[in-house]
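Here is a short report for a reader meeting this structure for the first time. Look over the sequence and the model, then read on.

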Amino acid sequence: MDITMEMLYNRVVKLRKLRARATKINGLQLFHNKPVIRLLNNDSSSSNSFQTQKQGGMRIAKWISRSGYTSRRDADKLVDQGRVKLNGEIVKSPITFVPPNSKVQIDGHEIKHIKTLLFAHNKDKGVLVSTEDEPGKDRNCLFDILKQSGLPPLKSVGRLDYNTEGIILLTNNGSLKQFLEQPRNEFLRVYRARLFGKLTDNKIAQLKKGISIDGWRYKPIDIVVEKKFETNFWAKITIKEGKNREIRKVLESLHIKVMRLIRIEYGPYKLGNTRPGATRMLEITDDLWKQFKE
């Protein structure tokens, strides 16, 4: 029986009302209340799409990201551009599933899964977290430094400002990179900062509530004074998001100047005694791996 778009739409509406978690009805499947629609016909590639997932298949963009080739978002773009092949055929949909032992190609080159790697780099002040600088400028770029050290191609988990120092995580797994970056996963970023200005109880209370600046809302920031001097002080600062220049912008709005900023922790990983400019391999903890896999 042919299934019209009107029939499909009516079934989606019905399934949404039932709020089923994983219900199958003649070619419709609902995952976590989000409908995924497939037409059942004589085309073997369509009729096998559900079977692929049953066998433990992974969506093509996620598969590419897990391989370390690029991020999931960029993998979707590659699919849209018709540059991805699955077992010799051009992938036309980003929700295509990859069966086990499949051959995936991008621009004619086979992509294989490699072991997930995670590194911690102690970024120096005066290093740009980028592959190249803006035209007309000649600043040191992190990925040039990493390339010269003989490391495999890596992606940074977030960034650090040009003049900010400390730990920056690096991985070859695009999905892990996104997982560690996403604010909803609440990986704490901890900094030591040398500050100039007055930190009053009122300002500390404002930081703990969160601050809005120029239409941007910044989540609560925890700050603890560690050492005071006559004209400046050192403080430990903890944030959950890591928006662009977040600490500098928020503190400047309170008339506190950041003189030095060093990130000493990111999630479960600490800077430790890693010397400036050095990179060390990290072990992916069981808790992190389990959380990531879920």
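Two residues are in contact when heavy atoms of theirs lie within 4.5 Å. On that basis, residues 24 or more positions apart account for 60% of the chain's contacts with a separation of 6 or more. The model is a predicted one.

**The chain as a whole**

The chain holds 10 helices and 22 strands. It has 294 residues, and 43% of them count as buried. Its accessible surface comes to about 17,800 Å². Carbon and sulfur atoms hold 48% of that surface.

Helix α4 spans residues 60–67. Seven of its eight residues are buried, and the helix is mostly covered. The buried residues are I60, A61, W63, I64, S65, R66 and S67.

Helix α7 spans residues 174–181. Seven of its eight residues are buried, so α7 is largely enclosed by the rest of the structure. Which residues of α7 are buried? They are G174, S175, L176, K177, Q178, F179 and L180. The N-terminal end of α7 is capped by N173. A side-chain oxygen of N173 lies 2.9 Å from the backbone nitrogen of S175. S175 is itself one of the buried residues of α7.

The table gives their relative accessible areas.

| Residue | Relative accessible area |
|---|---|
| Q105 | 15% |
| I213 | 16% |

Why does Q105 count as buried? The cut-off is under 20% relative accessible area. Q105 has 15%, so it is buried. The value for I213 is 16%, so I213 is buried as well.

Q105 belongs to strand β8, residues 104–106. Its side chain reaches the backbone oxygen of G108 at 3.4 Å. Which residues does Q105 contact, leaving aside neighbours within four places in sequence? They are R83, V84, K85 and E110.

I213 belongs to strand β16, residues 211–213. Not counting residues up to four places away in sequence, I213 touches Y218, K249, V250 and S253. How far apart are I213 and S253 in sequence and in space? They are 40 residues apart in sequence. In space, the distance is 7.8 Å, C-alpha to C-alpha.

Technical notes
Residues are numbered from 1 along each chain as its sequence is written. This is a predicted model: local features need pLDDT of at least 70, side-chain atom pairs count only at pLDDT 80 or more; totals for chains, interfaces and linings use all residues. Side-chain values use heavy atoms; hydrogens and water are left out. Helices (H or I, at least four residues) and strands (E, at least two) are DSSP runs, numbered from the N terminus. Buried means under 20% relative accessible area, exposed over 50%, partly exposed in between (1.4 Å probe, protein chains only). Accessible areas come from the Shrake-Rupley method with a 1.4 Å probe; for residues, only the protein chains shown count as cover. A polar contact is a pair of N or O atoms within 3.5 Å; within protein, one must be able to donate a hydrogen and the other to accept it, and residues adjacent in sequence count only if both atoms are side-chain atoms.
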